[in-house]
Amino acid sequence: MKHEYDVVIVGSGLAGLRAALEVAQEADVALISKVFPTRSHSGAAQGGISAALGNEEPDSSEWHMYDTVKGGDYLVDQDAAEVLADDAVRAVVELEHFGVPFNRTPEGKIAQRAFGGHTRDFGKGPVKRACYAADRTGRVILDTLFGEAVRRGIKVFSEFHLMDLIVDKSRVGGVVAYELATGEIHEFRSRAIMLATGGFGKLFKTTSNCFANTGDGVYLCYRAGIPLEDMEFVQFHPTGIYGLGVLITEAARGEGGVLRNSEGRRFMDDYAPTIKDLAPRDMVSRAMITEIRAGRGIDGRDFLHLDLTHLGKDKLAEKLSDISSFAKIYLGIDVASEPIPVSPTCHYMMGGIPTDVDGRVLDDKGNAVTGLYAAGECACISVHGANRLGCNSLVDLVVFGRRAGKMISRELPSLDRWEPAGDPADAALWTVDAIRSRRSGEKAAGIRSEMQQTMTDLCSVYRNEKDLARAMSDIRGLKERYQMVTVDDKGAMFNTDILEAVELESLLGLAEATLVCAEARKESRGAHFREDYPDRDDVNWLKHTLIQKTGQSFRIFFKPVVITRFEPKARTY
Amino acid sequence: MDMKFRIFRFDPEEDRDPYYREYSVAAKPDERLLDCLNRIKWEQDGTLSYRMSCAHGVCGSDAMRINGRCALACQKLAKDFEGVEVVLEPLPTFTVLKDLIVDLTPFFERVDEVRPYLMASDPPDKERLQSPDDRKKMGAAIRCILCACCTAACPVSIENPDYIGPAALVQAFRRIFDSRDEEREDRLKQLDYPDGVWACVNYFECTRVCPKEIPVTKYINMIKREIGK
């Protein structure tokens, strides 16, 4: 089936929705999503959204910008960080106006709390900058923005999986999508495409990410020859529920929770003497693995304790109720009286599709690809550099989602319709038919599970040359096996078997890109720690990595970091 | 531990009538029923269809009927079903599309009907002020994840397709009790009809099944009281 719109936005999390609200005033928009919009992964964000409102104590956008740059270990493009910090206050006020039910201060203002890496006066001590709605901040913002989309009658195509981008070097013609309900391939012709397809935490076995986070938009850009930026930077959140990976928000530590080792010691004292448990995520995750390797995991095992027992029942009920309920449901523990077993869990991808601060996707020369835009976790602006601070993702989504929407509106009058030669849906049809009709081979699940095990074992918090080489060889073997992927379900309706097989192509491609970039960067910075190159090396590596597909191979190149205000310094907390 | 499942199957392209198929799967006691379902799908029978996404009770995708009760498969643990056959069926009340997947279109239409957004004019430059007490009046309604368990389980919804249903009423409650909303009276008027809030006759099934522990029936009764004022 063919559809014609001015703009197609793929992904209905916060970035996609916020962009849609902006563009829908000006143009005919289709919002395509793999899941029903309120099921999007933005909804899993718990702790808060950062903005220097100064409602609880003095704060400034400049401090926010500084923290973002330092938190990202100086790989952040500082022009982007400035835009983020400057626009954050307006963006959060706007969300309140849309109706987000933020917690409130006694005077009725938006309440704020402490979070990892948020500091006053350029690192002097913690500051309350995280605006929150209990510990379901992402979910209520998602519900609120979706409500706005309902109010404005934005056209949503739910349970449509992105299969292909209709693009060439300088033009876009739309996207091809697979309708899960019917198995039909749809062509959405448009003059502009915006990708807001989220991250790809499903590369790893233990992750806080949802099943839908398979990086489809990022991979399809890569496949189309657009370079990917900073793919080696994968954030491991310190406090995933041990074994499950379910997120326990950093707000638990922002509200006073502490991490303890088998000796009952608050070990972050040793690693970040000033802000302790509120150090950025990469540092806390590394400290945890260091403790575990030194035999100080709980009972000598590979987890630690997050202790909230001193916070009191009232604070837990009012500010941390969801995570209290997760601990109850999945571990059978009452967090008011027992510590939570936690270990690092794959959480966020700093890298992705390179864009400018207005969401325009950049090609290998650094020029905007006409008509192609991206925002959110799938994009790399780069505002998070080598390590994202907590609460900076939600604000990134609404700030840069809106900016992308504005830019689309501005550029749309000059964008023409493009009729590509041939039938752009053919490739997607062949892909699905080939998977469906293959008689022998193996199912996606086995290949995927080996990939996730490999990435978790060999490319997590600590990395080294030998492990990465082994991982690369594993992934290439899996890519070979994927050529013969097969499915049990040959039907048309709700064929999630085929969906998972298609998604695996994205995951394998992105696993390879991540490994290549991790191998290339011979230094340690932010979330990328090389045991064989344990120091940050600004002389040689203060630059962004780019990987571009070239036929069956790829090339690595680099681009400089934008430094405006803050010269790189040693990163201590 | 060994788990026994009996799962509702129906593929309209293949089957004239629904049937049940049995599966056995090994599970660790702390694993979720969703993990078991995934193992069945990935290792035994890829034709089985169901929705899922976040796997920890936030997105609301994997609502289904588990041993007769509407619930999220990602919130139930294997150990609580030891020695018991687990019967998985699609949510009642809605039309089955395939296996455990139902058509939620009418569900979301009902939610949209109550205008699930803030209606307020002229915002100030900064945030609107709202006291912590006023904020609390929205109560647990902000926890709703639109999983549809309540509406599916409601005996009135099953009998009366015109009933607006508990989930839509929770969404309405959230706005009626939001001190910032300016259309409170109009919202109450909208629900004041036989198939609106008055169709609820306090079966409490919605409250019993809500995976986010929202006191749904209580909220419906609070709306009734507001209308009566």
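Analyst: What follows is a set of questions and answers on how values meet definitions. The model is predicted, so local features need pLDDT of at least 70, side-chain atom pairs count only at pLDDT 80 or more, and totals for chains, interfaces and linings use all residues. Residues are numbered from 1 along each chain as its sequence is written, while chains are lettered from A and ligands numbered from 1 in the order in which they are written.

User: Why does A:I435 count as buried?

Analyst: A residue is buried if 20 or more other C-beta atoms lie within 10 Å of its own, exposed if 12 or fewer, and partly exposed in between, with C-beta atoms placed from the backbone. A:I435 has 22 C-beta neighbours inside 10 Å, so A:I435 counts as buried.

User: Where is A:I435 placed, and which residues is A:I435 in contact with?

Analyst: A:I435 lies in helix α12 (residues 426-437) of chain A. Helices (H or I, at least four residues) and strands (E, at least two) are DSSP runs, numbered from the N terminus. Contact needs C-beta atoms, placed from the backbone, within 7 Å. Leaving aside neighbours within four places in sequence, A:I435 is in contact with A:V485, A:V487, A:I498 and A:A501. The C-alpha atoms of A:I435 and A:E531 are separated by 40 Å. Those two residues are 96 residues apart along the chain.

User: How do you know that the radius of gyration of chain A agrees with a compact globule?

Analyst: The radius is taken over C-alpha atoms, and the globule rule is 2.2 Å times the number of residues to the power 0.38. For 573 residues the rule gives a value near 25 Å; chain A has 22 Å, which agrees. Its C-alpha atoms fill a box of roughly 65 × 50 × 50 Å along the principal axes. Of the 573 residues of chain A, 65% count as buried. Chain A has 16 helices and 26 strands.

User: What makes a nonpolar core?

Analyst: Such a core is a set of buried Ala, Val, Leu, Ile, Met, Phe, Trp, Tyr and Cys residues joined through C-beta atoms within 7 Å. The largest one here has 274 residues. A:M194 and B:C149 are among those with the most contacts inside it. Helix α15 (residues 496-520) of chain A gives the largest share of this core, 13 residues. Among the residues that A:M194 touches are A:V7, A:Y373 and A:I408.

User: How do you know that the span of helix α1 (residues 33-44) of chain B agrees with what it should be?

Analyst: The expected span is 1.5 Å times one less than the number of residues. For the 12 residues of α1 of chain B, the rule gives 16 Å; the end C-alpha atoms are 16 Å apart, which agrees. Its buried residues include B:L33, B:C36 and B:I40. They pack against β1 (2-9), β2 (19-26), β3 (63-66) and β5 (86-89) of chain B.

User: How many residues of chain B are in contact with chain A, and how do they divide?

Analyst: 41 residues of chain B are in contact with 44 residues of chain A. Suppliers of at least two residues each to that side of chain B include α1 and α3 (132-137). Ala, Val, Leu, Ile, Met, Phe, Trp, Tyr, Cys and Pro count as nonpolar, Asp, Glu, Lys and Arg as charged, and the others, Gly among them, as polar. The residues on that side of chain B divide into 18 nonpolar, 10 polar and 13 charged.

Definitions and conventions. Two residues are in contact if their C-beta atoms, placed from the backbone, lie within 7 Å.
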